[in-house]
Amino acid sequence: MKENQGNSELSDLTLTNQQGHPVTDNQNVRTVGNRGPMTLENYDFLEKISHFDRERIPERVVHARGAGAHGYFESYGTVNGEPISKYTRAKVFTETGKHTPVFVRFSTVVHGTHSPETLRDPRGFAVKFYTEAGNWDLVGNNLKIFFIRDPLKFPDMVHSFKPDPVTNLSDMERMFDFLCQTPESMHMITFLFSPWGIPANYRQMQGSGVHTYKWVNEEGKAILVKYHWEPIQGIKNLTQQEADKIQGTNFNHATQDLYEAIEKGNYPEWELYVQIMEDGEHPELDFDPLDPTKLWYKEDFKWHKVGKMVLNKNPENYFAEVEQVAFGTGVLVDGLDFSDDKLLLGRTYSYSDTQRYRVGTNYLQLPINKPKTHVATNQEGGQMDYRTDYGRQQNPHVNYEPSLIGGLKEAKNPGKEHEPYVEGNVKREKISRENNFGQAGETFRRFNDWKRDELITNLTGALSGCRKEIQDRIIDMLIQCDSEYGNRAMEGLKAANNNRDAKMDEAVKEAQEMGHPSDPY
């Protein structure tokens with residue numbers, strides 16, 4: 001007897017339901033008469049509307065608005081003129097010219113799925129490498145630093161940035177209320193309210209891993225490393241005035257720009273640079289090298305090119321790929337390791353946990369998330385477990401380890417394990433070298449005149465709606481960063497307050513003169 005090969009009479013363009021049944025009328029439900037009540041056995045309608053009711057998954061709490069693309073990463077095989085294997089045994093880097101498939105998701109952070117891409121906001125820059133050793137996710141932002149250094153503060157930080165839970169209106173006072181009591185945020189504020197706070201598009205945007213990671217070589221020796229993506233197309237940011245003008249005509253400009261460039265064959269490219277530092281506390285520095293609110297300055301720690309990324313293919317379906325793609329800072333391959341950065345370790349739990357909630361227990365079985373290498377685990381069950389390779393192990397009846405009667409076996413360690421030595425009392429305490437204001441002041445001094453002007457205008461404009469206590473705290477911290485920075489912000493804030501009051505008086509006067517319009521009905 002021949003196997004059922006499906007209905008050969010159906011063409012590839014014939015509409016069916018999800019059971020494969022041809023849909024002969026997709027315009028009308030079945031009713032009693034042409035205007036009578038609908039009958040319950042409308043299977044095609046019930047299936048269609050029930051799926052429609054469920055076709056959205058929970059929105060990301062942060063990074064909801066995103067765009068993405070496929071491509072590849074090409075390794076240069078060297079760092080600082082030496083074989084990269086001296087520093088890491090990660091296969092994604094060690095072979096010169098090796099191409100590794102990647103998927104990249106760019107995003108804004110605070111607002112929802114269809115919020116304008118012109119808003120002042122950090123931008124996400126997350127790269128999934130489908131390596132031969134399994135997936136590696138490099139999850140970062142366009143800016144190289146962050147607002148906080150302790151993960152316990154992360155939910156509060158995000159809540160303060162999000163709209164008011166009562167009015168659902170964005171309110172800068174909420175954000176500055178949190179930040180004025182978070183002195184380590186001054187460096188990030190300096191970047192965010194400068195032109196760096198609004199990248200012109202995704203193709204001309206920098207990327208960074210933000211955190212300090214480790215590389216581990218064959219001998220198990222580790223070094224500290226930071227990652228930086230530099231766009232070969234050049235870097236371009238927007239002033240607030242330029243962003244406002246774009247937003248008035250197109251709030252999808254960055255997504256459109258990326259998609260159309262790839263469709264035209266103008267494939268965007270980035271080179272990956274690393275900064276390396278000997279593992280250790282480095283007491284000679286005035287900051288902790290694990291602190292994500294700090295930069296490692298180029299003149300102190302050279303940037304080394306280690307590879308290039310090219311994006312050459314748009315997603316075939318936005319939801320299946322861009323929306324369902326799931327990243328996590330804990331997704332590392334052999335030769336890459338964590339540092340003790342507290343925020344990194346907090347994110348490592350949170351990111352994968354949120355994907356299990358948002359996409360589902362088996363989110364790693366989805367094609368966009370699934371590694372392109374062999375996967376064999378003893379994990380099973382859960383919603384939407386659709387594996388078909390259960391029988392590949394020696395004894396499919398054994399879903400545990402260890403076992404003498406079959407089942408999966410542990411892999412051989414490809415190199416000596418990195419074994420950092422740790423000792424100390426378990427405590428709740430800030431790091432000893434906070435230096436919350438030094439680099440923020442240095443960044444201000446390194447800006448040229450127009451960037452300083454733009455920073456002061458944007459920052460004081462945002463602060464002008466806050467109560468005086470919050471304004472005073474921010475100004476006090478800015479003065480500690482740099483006296484010129486703080487004093488210019490103080491003067492700008494006075495001008496912004498006066499301008500806001502004048503506009504309010506003018507609006508009240510205009511409303512009084514116009515009176516109430518008559519009811520058109």
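This is a predicted model: local features need pLDDT of at least 70, side-chain atom pairs count only at pLDDT 80 or more; totals for chains, interfaces and linings use all residues.
Local features were required to have pLDDT of at least 70 and side-chain atom pairs pLDDT 80 or more, whereas totals for chains, interfaces and linings use all residues. Residues are numbered from 1 along each chain as its sequence is written, and side-chain values use heavy atoms, with hydrogens and water left out.

The largest nonpolar core contains 46 residues, of which F147, F176, M186 and F193 touch the most other members. A nonpolar core is here a set of buried Ala, Val, Leu, Ile, Met, Phe, Trp, Tyr and Cys residues joined through side-chain atoms within 4.5 Å; buried denotes under 20% relative accessible area, exposed over 50%, and partly exposed the range in between (1.4 Å probe, protein chains only). Two or more residues of this core are given by each of helix 3 (154–161), helix 4, helix 5 (186–192), helix 10, helix 11, helix 12 and helix 13 (483–514). Helix 12 supplies the largest share, six residues. Helices (H or I, at least four residues) and strands (E, at least two) are DSSP runs numbered from the N terminus. Apart from this core lies another, of 39 residues, which includes V79, V104, I276 and V306.

For F147, the partners are P122, M157, F161, L179, T182, E184, S185, M188, L192 and T293. E230, located in strand 9 (residues 222–231), is buried at 15% relative accessibility. Its partners are K144, Q206, I235, E269, W270, E271, Y273 and W303.

The count of salt bridges comes to 32, a salt bridge being a side-chain nitrogen of Lys or Arg within 4 Å of a carboxyl oxygen of Asp or Glu. In the pair formed by R467 and E173, the closest N and O atoms are 3.0 Å apart. R467 lies in the loop between helix 11 (449–463) and helix 12 (468–481) and E173 in helix 4 (residues 172–179), so this pair ties together parts that are 294 residues apart in sequence. R467 is exposed, with a relative accessible area of 52%, while E173 is buried at 16%.

A salt bridge with an N to O distance of 3.2 Å joins the side chains of E442 and R445. These residues are three apart in helix 10 (residues 438–446) and are therefore separated by about one helical turn. E442 is partly exposed, at 24% relative accessible area, as is R445 at 40%. Both belong to a salt-bridge network that links E299, E442, R445, R446 and D482. The side chains of E82 and K86 also meet in a salt bridge, at 2.8 Å from N to O; E82 is partly exposed with a relative accessible area of 24%, and K86 is partly exposed at 44%.

N448 occupies the loop between helix 10 and helix 11 and is partly exposed, with a relative accessible area of 37%. The side chain of N448 reaches the backbone nitrogen of K451 at 3.2 Å.

On the surface, V29, M38, L40, F45, L46, I49 and F52 form a nonpolar patch with about 630 Å² of accessible area together (Shrake-Rupley method, 1.4 Å probe; for residues, only the protein chains shown count as cover). Patches consist of residues with over 30% relative accessible area and no salt bridge, with nonpolar side chains (Val, Leu, Ile, Met, Phe, Trp, Tyr) joined within 5 Å and like charges within 9 Å.

Terms used
Contact means heavy atoms within 4.5 Å. A polar contact is a pair of N or O atoms within 3.5 Å; within protein, one must be able to donate a hydrogen and the other to accept it, and residues adjacent in sequence count only if both atoms are side-chain atoms. Lists of a residue's contacts leave out its neighbours within four places in sequence.
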